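These notebook entries record what I looked up in one structure.

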Amino acid sequence: MIAHLRGKLLAKHPNQAIVETGGVGYDVTISVPTFSDLPAAGAEVALHIHTHVREDAIALYGFLRPSEKLLFEKLITVSGIGPTLAVKILSGMAAEEMVSAIRGNDVVRLTRIPGIGRKTAERMVLELRDKLPEVGPASTRAIPAMSATEEDVLSALVNLGYQRAAAEKALAAATKNGKGGSFDALFREALAALSK
């Protein structure tokens, strides 16, 4: 199984990265926080990989930090959470915040994540409360503004299942609030507006 990939980043999107290693381009599903921390296309990148094998497909899920990969692997052990939903969960809330919510039985905070209902949040707390490792403080993410940042945020919101019109409205509100600067800040502000 593939556990780590190092190579040239050919392309990146809010939920996908293509990494070329040894002449082969690997299609890797990524979370929004991983996307926001990736370098520009053409740079060298190293991703921790979870290989998910099903009868009809082999899928690669990539993470910049081992702690995020570990949290992903814990999430997919919860009944009702598959890899696709686990990536959406990791995109909807910072890892440190999620760990503290699960450990603190904060079901209400977990249900703010798109795609997570009360029952799933309760299962997450019940099944993961005692299994999660300590997560260190997040490294400060100073992402330079990209020319297509707003399009990337919109694409990420649509990929999470929001209607395009609602996502555009939330994005406009987030931009008006002065949260431009980075993809991460703009995405979280727009997501907060949609969760109200």
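The entries below concern a predicted model.

**Entry 1. The sheet.** I first traced the strands. Five of them close into a barrel, in the order β1-β2-β3-β5-β4, and the pairing is mixed. From one strand to the next, the twist averages 55°.

Entry 2. I next asked which strands helix α2 touches. Helix α2 (residues 66-75) packs on the sheet against β4 and β5, and its direction makes about 15° with that of β4. Helix α3 (residues 83-92) lies across β3, β4 and β5, and I recorded an angle of about 15° between α3 and β5.

**Entry 3. Residue T51.** I located T51 in strand β4, which spans residues 44-53. Leaving aside neighbours within four places in sequence, I listed the contacts of T51 as M1, I2, I58, A59 and L60.

**Entry 4. Salt bridges.** How many salt bridges does a search of the whole structure find? The search returned eight, and I inspected several of them.

- D37 forms a salt bridge with R65, with the closest N and O atoms 2.9 Å apart. This pair links distant parts of the chain: D37 belongs to helix α1 (residues 32-37) and R65 to the loop between β5 and α2, 28 residues apart. I recorded D37 as partly exposed at 21% relative accessible area, and R65 as partly exposed at 23%. D37 and R65 are also linked with E68 in a network of salt bridges.
- R54 forms a salt bridge with D56, with the closest N and O atoms 3.2 Å apart. R54 is partly exposed at 45%; D56, at 63% relative accessibility, counts as exposed.
- E97 forms a salt bridge with R109, with the closest N and O atoms 3.7 Å apart. The two residues lie in helix α4 (residues 95-103) and helix α5 (residues 107-110) respectively, twelve residues apart. E97 counts as partly exposed, at 34% relative accessibility.

Terms used. Residues are numbered from 1 along each chain as its sequence is written. This is a predicted model: local features need pLDDT of at least 70, side-chain atom pairs count only at pLDDT 80 or more; totals for chains, interfaces and linings use all residues. Side-chain values use heavy atoms; hydrogens and water are left out. Helices (H or I, at least four residues) and strands (E, at least two) are DSSP runs, numbered from the N terminus. Contact means heavy atoms within 4.5 Å. Two strands pair if DSSP finds at least two bridges between them. Axes are lines fitted to C-alpha atoms, for helices over the stretch in contact, and angles run from 0 to 180 degrees between N-to-C directions. A salt bridge is a side-chain nitrogen of Lys or Arg within 4 Å of a carboxyl oxygen of Asp or Glu. Buried means under 20% relative accessible area, exposed over 50%, partly exposed in between (1.4 Å probe, protein chains only).
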